[in-house]
Amino acid sequence: MTAFARNQWYVAAYGREVGRELLARTILNEPIAFYRTEPNSDEPTGTVVALADRCVHRRYPLSASRLDGDNVVCGYHGFTYDTSGTCVFVPGQKRVPRTARVASYPVVEQDSLVWVWIGDPALADPAAIPRAPWLADPGWTTVGGMEPIDAGYGLLVDNLMDLSHETYLHGGYIGTPEVAETPITTEVDEGAGIVRVSRHMDDAECPPFYARSTGIEGRITRWQDIEYHAPCLYLLHSRIAPAGVLPEADGSDPNAFHVEITYAITPSTDQTVYDFWAVSRDFAQDDDEVTTFLHDFNRTVVRQDVDALNLLQKALDTEREGYQELSINIDTGGLAARRILARLAAEGEQRTGEQRTTTPPATVAAP
Ligand code: FES
Ligand SMILES: [Fe+2]
């Protein structure tokens, strides 16, 4: 199992999923209830709130409760919480116990994604959230979804960092022989926690995914530039053009088709992960047929990964401790990602340890 990096931002949902119905998601083993406040003068679409999904009274899930204005009323005996998680009403008595509160988590809504911070709230810096601006840019048309996978999140990181699997697992969809045949270049920015893996194919078969969405017939130049911002955000910048067509000297690229493929890899429990995926394009923007095709086709591709990772996790579960893997060149990006994830997780652990030794227990226990 890959350890969790707690002091990090994670995508909990698409903004469109969070409204005036409570939404339950488990992030890094913590059950959380999400909802949106009523529109207010600062936020015409309301503000997303994330509260621990267990009532302080008898642990009833708040996600199975109801909203009263911006407060949550527990569906069991009516303990009522405000947006900070403070209990403002209990039944049968005037005095609300001082300890009646649930944790509230820092949340930022950006680029159509809802990001949540699980670790020490004092360290939550919204400026540290990596960007995927095309997701909310009218210059792009985006389709997307989310598939839960019964596998540790490290397996999904491995999967996305090495696209040579497209040739074998997604043959006939997005894989062609050239993907597996073409060597990669890998760059690692340890300090920023970013891994870049590039594969530029100058003369490749056009897979159905791009042939049917762009209308290109014949061979293509296909560039795949991965940018993984550990731990959660994975960007695949994809450039497709008829073979031989390169960007202009000034960097403009009018004769190519650009697709931004965004994944958010959010650990749910030790052995489950949320696989958020989105495909944004800068062509045929108003063509509904292309939109439907890319949505359905990409969901099929994602489900091929889901099936493979479900199977792989089951196989690994039956392995003896200390089994050996064998890595080759294609794994360079994935191995770099693992190193960074291990470091981020260890830094979080160290910090938790420091708090334990320097902070009085009562403060540590407070949400
Ligand atoms: S469990 Fe929530 S009020 Fe009793
Ligand atoms: Fe895949």
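Tutor: Begin with a single residue. This is a predicted model. Leaving out residues up to four places away in sequence, Leu156 touches Ile149, Ala151, Ile265, Val273, Asp275 and Leu309.

Student: Which residues of α1 are buried?

Tutor: Tyr153, Gly154, Leu155, Leu156, Val157, Asp158, Asn159, Leu160 and Met161 are the buried residues of α1. An α-helix has 3.6 residues a turn, so residues three or four places apart point the same way. Here, nine of the nine residues of α1 are buried, so the helix is largely enclosed by the rest of the structure.

Student: Why is Gly152 counted as buried?

Tutor: The cut-off for a buried residue is 20 or more other C-beta atoms within 10 Å of its own. Gly152 is buried because it has 21 other C-beta atoms within 10 Å.

Student: Which residues is Gly152 in contact with, leaving aside its neighbours within four places in sequence?

Tutor: Those contacts of Gly152 are Met1, Thr2, Asp270, Gln271, Val273 and Gln313.

Student: How do I read a nonpolar core?

Tutor: In soluble globular proteins, nonpolar side chains tend to be buried together. In this model, the largest nonpolar core has 86 residues. Those touching the most other members are Ala12, Phe34, Ala50, Val114, Trp115, Val116 and Leu156. Domain 1 (9-128) and domain 2 (133-342) both give residues to this core, so it lies between them.

Student: How many residues of each domain are in contact with the other domain?

Tutor: Twelve residues of domain 1 are in contact with twelve residues of domain 2. On the side of domain 1 that touches domain 2, β1 (9-14) and β2 (23-27) each supply at least two residues. β1 gives the largest share of that side, five residues. By type, the residues on this side of domain 1 are eight nonpolar, three polar and one charged. The centres of the two domains, taken over C-alpha atoms, are separated by 33 Å.

Student: Next, strands. How do I follow their pairing?

Tutor: Strands of a sheet pair through backbone hydrogen bonds, either parallel or antiparallel. Take β14 (residues 220-229). Nine bridges join β14 to β13 (residues 194-204), and the two run antiparallel. Ten bridges join β14 to β15 (residues 233-242), again antiparallel. From Tyr228, go on to its bridge partner in β15, Tyr234.

Student: How many residues lie between β14 and β15?

Tutor: Three residues, and the two strands form a hairpin. As for burial, β14 is mostly covered, with seven of its ten residues buried.

Methods:
Residues numbered from 1 in each chain as written. Chains lettered and ligands numbered in written order. Predicted model: local features only at pLDDT ≥ 70, side-chain atom pairs only at ≥ 80, totals over all residues. Buried ≥ 20, exposed ≤ 12 C-beta atoms within 10 Å, placed from the backbone. Contact = placed C-beta atoms within 7 Å. Helix = DSSP H or I, 4+ residues; strand = E, 2+ residues; numbered from the N terminus. Pairing = 2+ DSSP bridges. Domains from an automatic or database assignment. Nonpolar A, V, L, I, M, F, W, Y, C, P; charged D, E, K, R; others polar. Core = buried A, V, L, I, M, F, W, Y, C linked by C-beta atoms within 7 Å.
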